[in-house]
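Colleague: Could you walk me through this model, starting with how far to trust it?

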Amino acid sequence: MTKFDKWWKQQSYVTDDGCYQEKYIAAQDAWNEQEERIREVIDRLENYPTCMSCYLNMDESIAATRLKDRFVEILREELL
């Protein structure tokens with residue numbers, strides 16, 4: 001069972017009023033579109049350079065990279 005299907009079953013406003021399939025498909029399309037946007041944002045963050053600043057020394061650059069990696073990890077766990 002996908003995350004979407006688990007979410008869908010928890011919605012109290014979903015009733016069998018003859019439009020169930022249309023509601024499901026529309027909600028799934030919106031879910032997939034939002035998930036794709038989340039993936040794009042995470043990819044942008046993941047590819048963001050942390051060593052480009054001439055103001056950072058090596059230790060600060062390593063710390064910035066680790067912080068960025070942790071943010072990406074948290075976002076992937078919580079949003080995908």
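The questions below go from confidence to one helix and one of its lysines.

Modeller: This is a predicted model, where local features need pLDDT of at least 70, side-chain atom pairs count only at pLDDT 80 or more, and totals for chains, interfaces and linings use all residues. Residues are numbered from 1 along each chain as its sequence is written, and side-chain values use heavy atoms, with hydrogens and water left out.

Colleague: What is the mean pLDDT of the chain?

Modeller: pLDDT is the predictor's confidence in each residue, from 0 to 100. In this chain 89% of the residues reach 70 or more. The mean is 84.

Colleague: Which residues of helix 3 are buried?

Modeller: Helices are DSSP runs (H or I, at least four residues), numbered from the N terminus; buried means under 20% relative accessible area and exposed over 50%, with a 1.4 Å probe and protein chains only. On the other side of helix 3, Asp59, Arg66 and Glu78 are exposed. The buried residues are covered by parts that include helix 2. They are Ser61, Lys68 and Val72.

Colleague: Why do these three lie on the same side of helix 3?

Modeller: Look at the directions from the helix axis to the C-beta atoms, which define the arc. Ser61, Lys68 and Val72 in helix 3 are buried. They share a side because the arc they cover around the axis is only 40°.

Colleague: How far from Lys68 is the nearest side chain of opposite charge?

Modeller: Lys and Arg count as positive, Asp and Glu as negative, with His and the chain ends not counted. A salt bridge needs a side-chain nitrogen of Lys or Arg within 4 Å of a carboxyl oxygen of Asp or Glu, and buried Lys68 has none. The nearest such side chain is Asp69, at 4.6 Å.

Definitions and conventions: Helix = DSSP H or I, 4+ residues; strand = E, 2+ residues; numbered from the N terminus. Contact = heavy atoms within 4.5 Å.
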